[in-house]
Amino acid sequence: MTEHQALENVYAAEVENRLPFQSKAAIYKRLREYGLVQDMELVLGSGWSAVTVRGYQLTHAGRLTYCLNCEAPEGEMP
């Protein structure tokens, strides 16, 4: 998997409102070191039934890097 594909996975999760993006792939740890993704924690529920979901979300730098490296669809302006 390339870094662009990894960023695309996190971007898709963000657009589809299913953050945090969960993965154990080493590439996401590397992207975190580069400052393109950051850890995210979401607590669902409260009290004894609370569930914590941990994963990744894009930083502003990650979002910009992903979007600048996307190609415009045929016939549209970049």
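1. Residues are called buried under 20% relative accessible area, exposed over 50% and partly exposed in between, computed with a 1.4 Å probe on protein chains only. By that scale Cys-70, at 34% relative accessibility, counts as partly exposed, and Cys-67, at 38%, also counts as partly exposed.

2. The model is a predicted one, in which local features need pLDDT of at least 70 and side-chain atom pairs count only at pLDDT 80 or more, whereas totals for chains, interfaces and linings use all residues. Residues are numbered from 1 along each chain as its sequence is written, and side-chain values use heavy atoms, with hydrogens and water left out.

3. With a disulfide taken as a pair of cysteine sulfur atoms within 2.5 Å, a search of the whole structure finds zero disulfides. Cys-67 is in no disulfide, its nearest cysteine sulfur being that of Cys-70, 5.6 Å away, and this separation is too far for a bond.

4. Helices (H or I, at least four residues) and strands (E, at least two) are DSSP runs numbered from the N terminus, and two strands pair if DSSP finds at least two bridges between them. Strand 1 (residues 37-44) and strand 2 pair in the antiparallel sense over eight bridges, with Leu-42 opposite Val-53 of strand 2. Their hairpin has six residues between the strands, and Gly-45 there takes a positive phi near 85°.

5. Thr-59 lies in the loop between strand 2 (51-58) and helix 3 (60-68), and at 14% relative accessibility Thr-59 counts as buried. Leaving aside residues up to four places away in sequence, Thr-59 touches Gly-35, Leu-36, Val-37 and Gln-38, where contact means heavy atoms within 4.5 Å.
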